Amino acid sequence: MNDADLLRVLGVDPAQLDPAPPRAQRRAASAERLDGSHPCVHCGQPARATGVVDVPGYGRRWLDRCMPCLLATTPRGGPRAPLADTLAVLRAAARDTGVALTIVADGP
Ligand SMILES: [Zn+2]
């Protein structure tokens, strides 16, 4: 998800975001920014994470999010395969390589 897509998912107009400093100054400025005074750009709860987006026409802007909004908008390694498909691949690989395989799965 690129920055423009992220802002679209969050429903945020980049013009509403505070300008962010150059990359070299970001780390120190990020720590200062997480003092609880900045709201999450999506829901308004106190932000617990901050980052910088760079959107053409707006430049570098702060993107402050609470943890639930951060987690909801952070990619987690792509689409999840159904368990049956994953097990079939593992069984086939074990069969092809002659490895004895015991699979223990826990989940819904
Ligand atoms: Zn939020």
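Residues are numbered from 1 along each chain as its sequence is written, and side-chain values use heavy atoms, with hydrogens and water left out. Because the model is predicted, local features need pLDDT of at least 70 and side-chain atom pairs count only at pLDDT 80 or more, whereas totals for chains, interfaces and linings use all residues.

Start by selecting the zinc ion, which is coordinated at 2.3 Å by the SG atoms of C40, C43, C66 and C69; donors here are N, O and S atoms within 2.8 Å of the metal (3.2 Å for Na, K and Ca), and water is not among the atoms, so sites may look incomplete. The 4 donor atoms subtend angles of 103 to 118° around the zinc ion, which makes the arrangement tetrahedral (four donors, with all angles between 85 and 135 degrees). Along the chain, the donors follow the spacing C-x2-C-x22-C-x2-C. C40 lies in the loop between α2 (26–33) and β1 (49–55) and C69 in helix α3 (residues 67–72), so the pair ties together parts that are 29 residues apart in sequence; helices (H or I, at least four residues) and strands (E, at least two) are DSSP runs, numbered from the N terminus.

C40 is buried at 4%, C66 is buried at 6% and C69 is buried at 10%, whereas C43 is partly exposed at 40%.

Next select L6, L7, L10, V12, L17, V53, V55 and L63, which make up the largest nonpolar core, a set of buried Ala, Val, Leu, Ile, Met, Phe, Trp, Tyr and Cys residues joined through side-chain atoms within 4.5 Å. Helix α1 (3–10) and β1 each supply at least two residues of this core, and α1 gives the most, with 3 residues.

Move to R33 in helix α2, which counts as buried at 11% relative accessibility. Leaving aside neighbours within four places in sequence, R33 is in contact (heavy atoms within 4.5 Å) with D18, H38, T50, W62 and D64. R33 and D64 are 31 residues apart in sequence and 8.7 Å apart in space, C-alpha to C-alpha.

Finish at helix α4 (residues 83–97), whose 15 residues reach 21 Å from the first C-alpha to the last. Just after α4, G98 takes a positive phi of about 75°.

Terms used: Tetrahedral: all angles 85-135°; square planar, octahedral: opposite > 155°, others 65-115°. Buried < 20%, exposed > 50% of the residue type's maximum accessible area, 1.4 Å probe, protein only. Expected span 1.5 Å × (residues − 1).
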